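I set out to record in this notebook what I looked up in one protein chain. The entries follow the order in which I consulted the structure.

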Amino acid sequence: MTPLNILYQDEYLVAVHKPSGLLVHRSALARGETEFLLQRLRDQIGKRVYPVHRLDRPTSGVMVFGLSSEMAALLSEAFSERQVEKRYLAVVRGKAPESERLDYPLREEDGTRPKAEMPAMPAMTDIRRLDSVELPIQVDRYPVARYSLVEAQPLTGRRHQIRRHLSRRGYPIIGDAKHGKSIHNRFFADQLDAPRLLLAATYLAFNHPFIEKRIQLGCALDETMKRVFEQFGWSGHLPLDSVRTPPTATPAALQER
């Protein structure tokens with residue numbers, strides 16, 4: 001089994017590139033699954049790890065785990081208090097807006113009760129079109145097919161937020177079986193060897209709870225998304241694995257000690 005790509009690790013936390021298709025941990029929705037990111041990472045580093053946030057199963061990219069329950073609680077609080085900067089790259093159908101804030105309330109999709117019975121929660125995502133391509137191929141009803149590379153920055157943390165917001169705006173992410181368009185998904189799977197959701201978490205930044213550093217993590221794309229970028233002439237937008245740790249003000253957790 002190929003080892004996981006560890007992007008950053010210290011005595012308090014570890015950040016890893018989650019592969020597309022891998023569940024983070026066991027859940028009621030994971031019947032019959034035997035492989036999970038949490039267990040693979042624990043076995044690889046020889047330490048217990050504690051989940052802090054989530055990525056959908058088909059989404060790839062950077063994920064952070066605490067190496068203690070205390071650290072995980074502090075990081076989880078930072079995520080819930082919107083103190084973490086997150087950026088994603090997505091390949092979408094159509095020519096997306098140059099930049100826009102998507103402000104559509106979303107009902108929770110946790111499977112505990114019908115979505116219609118769930119309250120609509122505020123949800124905001126900033127999007128920016130980085131590039132686009134026009135293919136002289138009729139995929140749908142038009143004689144050409146247009147696709148865009150979008151950077152998405154979620155300002156809230158609703159389930160499937162980026163996928164649902166882009167779909168509602170009319171630019172569904174390629175490979176999204178639930179919120180996308182099957183004819184375009186099939187075209188990418190059959191003709192471009194890209195059978196997965198083309199959404200990746202490529203940047204994460206947060207203040208370290210225990211050291212006076214801001215952790216800024218960049219995460220490269222997997223081979224599937226990289227290949228699509230190269231085919232579309234988007235190689236200049238390929239992110240790289242990177243770690244930056246500029247100093248910050250003294251963390252609250254240290255001030256209280």
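**Entry 1**

I began with strand E4, residues 60–66, and found it mostly covered, since seven of its seven residues are buried. I note here that the model is a predicted one.

I then asked which strands pair with E4, and in what sense. Strand E2, residues 13–18, is joined to E4 by six bridges, and the two run antiparallel. Within this pairing I located Val16, which stands opposite Met63 of E4. Strand E3, residues 50–51, also runs antiparallel to E4, with two bridges between them. Here Tyr50 has Gly66 in E4 as its bridge partner. Strand E11, residues 199–207, pairs with E4 in the parallel sense over two bridges. In that pairing Ser60 stands opposite Ala200 of E11.

**Entry 1: Helix H1**

I next examined helix H1, residues 37–45, and listed its buried residues: Leu37, Leu38, Gln39, Arg40, Leu41 and Ile45. What covers these residues? The cover includes strand E1 (6–9) together with E2, E3 and E4. After H1 comes Gly46, and I read its phi as positive, near 70°.

Arg82 is not a glycine, yet its phi is positive, about 60°. I placed Arg82 in the loop between H2 and E5. Is Arg82 buried or exposed? Its relative accessible area is 51%, so Arg82 counts as exposed, the cut-off being over 50%.

His160 is likewise a residue other than glycine with a positive phi, in this case near 55°. It is found in the loop between strand E10 (145–154) and H3. Is His160 buried or exposed? Its relative accessibility is 17%, and His160 therefore counts as buried, the cut-off being under 20%.

**Entry 2: The second largest pocket**

I turned to the second largest pocket, whose volume is about 590 Å³. Its lining is made up of 23 residues, and those nearest the centre are Arg54, Lys86, Thr156, Gly157 and Arg158. Which elements give two or more residues to this lining? They are helix H2 (69–80), strand E5 (85–93) and helix H3 (161–169).

**Entry 3: The chain as a whole**

Finally, I looked up the totals for the chain. Its secondary structure comprises six helices and 13 strands. The chain has 257 residues, and 47% of them count as buried. It exposes about 13000 Å², of which carbon and sulfur atoms supply 46%. I also considered contacts between residues at least 6 apart in sequence, and 66% of these join residues at least 24 apart.

Methods. Residues numbered from 1 in each chain as written. Predicted model: local features only at pLDDT ≥ 70, side-chain atom pairs only at ≥ 80, totals over all residues. Heavy atoms only, no water. Helix = DSSP H or I, 4+ residues; strand = E, 2+ residues; numbered from the N terminus. Buried < 20%, exposed > 50% of the residue type's maximum accessible area, 1.4 Å probe, protein only. Contact = heavy atoms within 4.5 Å. Areas by Shrake-Rupley, 256 points an atom, 1.4 Å probe, with all protein chains shown as cover. 1 Å grid on protein atoms, 1.4 Å probe; cavity = no way out; pocket = protein on both sides within 12 Å on 5 of 7 lines; lining within 4 Å. Points joined across faces, edges and corners; volume = space filled by probe spheres on them. Pairing = 2+ DSSP bridges.
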